[in-house]
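Here is a briefing on the pockets of one structure. Look at the model first, then read the points below.

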Amino acid sequence: MLIGISIGVALLFGVAAYLMLGNIWISLLIAALYALVLIFVVKPIIEEFMDKNKRRHECYRFVYSFIVSLSTNNSGEASFDLALQDSQGEEKTIVEGIRDFSIKEKLQYLSSYYLEDYYRMFLSIYQIYEEQGGDVLTLAEPLINEVAQVEKSENSKNKIRMNYLIQFLTLWGMSLLILVSVRFGLSSFYGEISSSLLFVLL
């Protein structure tokens with residue numbers, strides 16, 4: 001999907017360059033440069049961000065669901081299964097691969113997938129619960145509060161990032177429209193400034 005979007009955006013800039021310059025070779029070069037940058041630089045960054053964000057959501061859902069389930073059924077195995085019953089993709093593959101592990105081994109193994117700092121605290125709380133018993137909700141109350149705070153904070157940051165991205169894309173779109181308008185509306189003026197390839201790339 002991201003590759004398709006990257007190629008589409010590159011073609012869009014190539015078409016815009018052709019409309020402004022009227023030179024097919026320079027336009028193809030610009031489209032190729034954008035495609036290379038988007039596919040080999042921007043795409044990996046976006047994929048890494050999306051994967052990290054997905055794991056964060058999955059960790060939040062698992063920890064919260066596990067603790068709530070454990071408070072009602074007092075069974076680590078049952079709580080594990082309930083917390084991951086809707087797992088998908090890589091998370092589901094990992095869960096299926098550790099199905100025969102003990103509950104402690106399963107939870108410990110997932111620490112290589114869930115990278116949030118609070119997951120280690122979750123493991124410690126479960127160990128204390130297994131060894132000493134008690135009310136798991138009381139034991140995990142500080143953890144639950146931290147998990148909720150982390151999720152809320154990260155969601156707010158993502159919203160801000162999205163707003164910046166929308167503003168950036170809007171400005172780019174407006175710039176292209178202005179340049180195309182200049183190309184056809186003020187062709188004599190545009191001819192003086194369009195000779196610089198650096199100007200087009202920027």
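Helix 2 is the main contributor to the lining of the largest pocket, giving 11 residues. The model is predicted.

**Largest pocket**

- The volume of the largest pocket is about 1,000 Å³.
- Its lining is made up of 28 residues.
- Leu38, Val42, Ile46, Leu165 and Leu169 are the lining residues nearest the centre of the largest pocket.
- Three helices each supply at least two lining residues: helix 1 (2–21), helix 2 (24–73) and helix 8 (141–185).
- Sorted by class, the lining of the largest pocket holds 22 nonpolar residues, four polar ones and two charged ones.

**Second largest pocket**

- The second largest pocket has a volume of about 280 Å³.
- It has 13 lining residues.
- Nearest the centre of the second largest pocket lie Lys52, Asn53, Arg56, Glu116 and Glu154.
- At least two lining residues come from helix 2, and at least two from helix 8.
- Helix 2 provides the largest share of this lining, with six residues.
- The lining of the second largest pocket counts eight charged residues, three nonpolar and two polar.

**The two linings side by side**

- Helix 2 gives the most residues to the lining of the largest pocket, and the largest share of the lining of the second largest pocket also comes from helix 2.

Definitions and conventions
Residues numbered from 1 in each chain as written. Predicted model: local features only at pLDDT ≥ 70, side-chain atom pairs only at ≥ 80, totals over all residues. Heavy atoms only, no water. 1 Å grid on protein atoms, 1.4 Å probe; cavity = no way out; pocket = protein on both sides within 12 Å on 5 of 7 lines; lining within 4 Å. Points joined across faces, edges and corners; volume = space filled by probe spheres on them. Helix = DSSP H or I, 4+ residues; strand = E, 2+ residues; numbered from the N terminus. Nonpolar A, V, L, I, M, F, W, Y, C, P; charged D, E, K, R; others polar.
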